[in-house]
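Reader: I would like to learn how to read a model like this one, feature by feature. Could you walk me through it?

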Amino acid sequence: GLNLWVEENGDLLFYVSRTDAWSETCRLLKLGRIRLSLSPNPFIKGAPFRQELKLGEGAIEITAGAAGQVTKLKVFVDANAPVVHVLGECEQPLEVRAALETWRTSKKVLTGEELSSSWTMRDAPAGIETWEAADRVTNAPGGAVMWYHRNEYSCVPVTLQHQGLDECRELAKDPLLHRTFGGLLSAPGFTGDGPHALRSKGPVRRFAVQLATHSAQTETVAQWEEQIRHIARSSANPRKAARATAAWWGKFWNRSWIFIEEAGGAPSPITRAYTLQRWMAACAGRGNYPIKFNGSIFTVDPELTGGPRLDADWRKWGDCFWWQNSRFPAYAALACGDYEECRAIFRLYRDALPLCQARAKLYYGAQGAYFPETMTLFGTYGNGDYGWNREGHKPNEVLCPWWCYAWQQGLELVTLMQDYYDDTGDQRFLKDELLPMAHEVLRYFDTRFARDSEGKLVISPTQAVETYWYGVTNDMPSVAGLHSVLDRLLALPPAQASSAEREFWLRLKAATPPVPVRAQGSEHWLLPAESFDPKRSNCENPELYAVWPFRLFGVGKADLQAGVEAFQRRGEKSMQGWSYDGQCAAILGLTEEAKRQILYKVGNSNPNHRFPAMWGPNYDWLPDQDHGSNIMLTLQNMLL
């Protein structure tokens, strides 16, 4: 991914990011920044200038300079390889210089605000390693510039030990140790210009700069270097890569679309918002890790968005995948048919499953698995959420009241997988991924919680997401999730599940408590839980989980009015960030409210940024992928 801009009287610059450039402390780092300098400079103030994102081709085109001196640049990322191309055509011959800019020039110990951008290691006490190595820059053959960051230690072992999971070490995949990431910058006909740059041998009318990127866990640096050279060779012909990239994006945009027109046929700002958010999701959604809710791979220097004066590696809320937030891009991809954007989140939780199963047994004596709300890449809690000070606490005591007793994450994951299966009809996915994951998630509820005298589950201790912490029994997200998941599993054709599985589903369905509803006179409405202390600790509306994502109440379903009444009575009325009121209104048939919500949402672009889809920061940093995804989800549900 690139954040790209031209500076007036300056140069073309772009940050380079990947979804898998994880540091020793589990921060998602930039690969670096590239500066392209042209001389004489065509970007002089007052000269003609145009920069255009060509969505249909997957490219940025820049035209600058007076008549007879026009320079045209085309920048794109190969749709089939992690390689950036910059192509230039100049009416007047120009000297060209391409340089790497890296700020990680020496070993850095992270503290305070900077350490918070590793949620896994935030507030780590003295004596715990929280440093990141310097990047290494080398001159490659042909004057090319090669650089990399290599993790020679990892925060995974200390995390497992701290959370009482040392005996499960073999079940945890360490994604950090020996991870090496960086780039290879080259250009035919250019020569080296110091360790960080290369330049044309003289003025040129045409040039092609290539930047290959790579991230992998390798035993040696030499192995990584050979791999990145292979990646560079795979995209060596820029013209061919441009044609293939345009073809990929052409198929992508013709897969599905929503266009909204104003009166008179003018395009609506809703169309632009929906389309640009889908573009950003496609750019980041095929990586080795899911889209980060707090900025994806398009974060920039935080001070430009009201944050601290730190470098572009900083992001609010850090590295963990918070289920409540990470779900939105994946849900938004389904109606588009952009199924490839769901696979990374399925893989993340599938890889974490063995450790999560072991933890459920170790902490609670339960079978199956549950997933922490703020989950690391390797399946643990963030250490700050778990609690650094363990004096007097058992391993199963999680010291974050915001999430210590929230259990519905696995049910939502299975629901997302069920939607994926319903849309794709992928039988192998059903057999190899959906049914095994559903079995482990359901077994946790079956073995973790007691039954009452009638054989019904008593889900306690629990909470209703972040809002209700105290005295909660049978929270709506867990109860609605159990009903939704089990109903859909039981609706599968008999041949697609064994008789033992079906018997288990039927037994657990019979044991699931009823959806919490309150009646008062002629009115009745959904509740956050069967019982709960009404003191609110946050601004979510857990009762609406029965509307979205679990869709038990809505147009065409029984008892629509209970859902509508709950929506009207909701404690928090919000239209930004992760608030899911827009799709709830659409699902409940509240057309004017859904319209009001989406018109508000599309105006949330940050005024400090020129690109219109830099949402937020709202609750979740910028560009806020929860907010952008909720624009898509609201509009999709209005139609569907």
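Reader: What volume does the second largest pocket have?

Author: Happy to start there, with one reminder: this is a predicted model. The second largest pocket has a volume of about 450 Å³. Among its 17 lining residues, Asp 419, Arg 551, Ile 587, Asn 637 and Leu 640 are the closest to the centre.

Reader: Which helices each supply at least two residues of that lining?

Author: Look at α6 (323–336), α9 (409–424) and α16 (625–639), each of which supplies at least two residues of the lining. By class, the lining has eight nonpolar, three polar and six charged residues.

Reader: Let me stay with α6. Why is α6 described as largely enclosed by the rest of the structure?

Author: A residue is called buried when its relative accessible area is under 20%. In α6, 13 of the 14 residues are buried, so the helix is largely enclosed by the rest of the structure.

Reader: What follows α6?

Author: Gly 337 does, with a positive phi near 80 degrees. Gly 337 sits in the loop between α6 and α7, and its relative accessibility of 14% makes it count as buried.

Reader: Which residues is Leu 442 in contact with, leaving aside its neighbours within four places in sequence?

Author: With those neighbours set aside, Leu 442 touches Leu 411, Leu 482, Val 485, Leu 486, Leu 489, Phe 504, Trp 505 and Leu 508.

Reader: On to strands. In which sense do β5 and β6 pair?

Author: Strand β5 (residues 59–64) and strand β6 (residues 71–77) are antiparallel, paired over six bridges.

Reader: How many bridges join β6 to β7?

Author: Seven bridges join β6 to β7 (residues 83–101), and this pair is antiparallel. Here Val 75 stands opposite Val 86 in β7, and a hairpin connects β6 to β7 through five residues.

Reader: What should I look for in the backbone angles?

Author: Most residues other than glycine have a negative phi, and most peptide bonds are trans. His 178 has a positive phi near 65 degrees; this residue lies in the loop between α2 (156–162) and β12 (179–186). At 28% relative accessibility, His 178 counts as partly exposed. Asn 474 also has a positive phi, of about 55 degrees, but Asn 474 belongs to strand β20 (residues 473–475) and is buried, with a relative accessible area of 3%.

Reader: And where are cis peptide bonds found?

Author: One joins Ser 39 and Pro 40, with omega about 0 degrees; Pro 40 is in the loop between β3 (32–39) and β4 (49–54). Another joins Leu 622 and Pro 623, with omega about -5 degrees, and Pro 623 is in the loop between α15 (591–601) and α16.

Key: Residues numbered from 1 in each chain as written. Predicted model: local features only at pLDDT ≥ 70, side-chain atom pairs only at ≥ 80, totals over all residues. Heavy atoms only, no water. Pairing = 2+ DSSP bridges. Helix = DSSP H or I, 4+ residues; strand = E, 2+ residues; numbered from the N terminus. 1 Å grid on protein atoms, 1.4 Å probe; cavity = no way out; pocket = protein on both sides within 12 Å on 5 of 7 lines; lining within 4 Å. Points joined across faces, edges and corners; volume = space filled by probe spheres on them. Nonpolar A, V, L, I, M, F, W, Y, C, P; charged D, E, K, R; others polar. Contact = heavy atoms within 4.5 Å. Buried < 20%, exposed > 50% of the residue type's maximum accessible area, 1.4 Å probe, protein only.
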